[in-house]
Amino acid sequence: MAEGEDVGWWRSWLQQSYQAVKEKSSEALEFMKRDLTEFTQVVQHDTACTIAATASVVKEKLAGPRNCLTPGFLSSAWKRRRGRSQSSL
């Protein structure tokens, strides 16, 4: 009879331990899910901000007075450069 009681105690202890591990694992999994969700949101936000800032800088550069895409830029730049080289002679 003592052996049967030992098995019952052992089984009860294993079941309690299993349940505790299962609960802790669920808690850890939920924590990791929340953490990953937060990380994803931060990366998305930071990426959007970086893209917006880059687009703004590119737009400013393209709209600037010394834009190489502006008609006549190359000819006027060439004239300025040519003028400097002739004045140094």
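The chain contains 2 helices and 0 strands, where helices (H or I, at least four residues) and strands (E, at least two) are DSSP runs numbered from the N terminus. This is a predicted model, in which local features need pLDDT of at least 70 and side-chain atom pairs count only at pLDDT 80 or more, while totals for chains, interfaces and linings use all residues. Residues are numbered from 1 along each chain as its sequence is written, and side-chain values use heavy atoms, with hydrogens and water left out.

**Solvent exposure**
- Of the 89 residues in the chain, 2% are buried (under 20% relative accessible area; exposed is over 50%, and partly exposed lies in between, with a 1.4 Å probe and protein chains only).

**Aromatic pairs**
- The structure has 2 aromatic pairs, defined for Phe, Tyr and Trp (its six-membered ring) by centres within 6.5 Å; planes under 30 degrees apart are stacked, over 60 edge-to-face, and the rest tilted.
- W9 and W10 form a tilted pair, because their ring centres are 6.4 Å apart and their planes lie at 40°.
- W10 and W13 form a stacked pair, because their ring centres are 5.4 Å apart with planes at 25°.
- Both W10 and W13 belong to helix α1 (residues 2–63), where they are 3 residues apart, about one turn of the helix.

**The tryptophan cluster**
- W9, W10 and W13 are linked into a cluster by ring pairs.
- W9 is exposed at 55% relative accessible area, whereas W10 is partly exposed at 46% and W13 is partly exposed at 40%.
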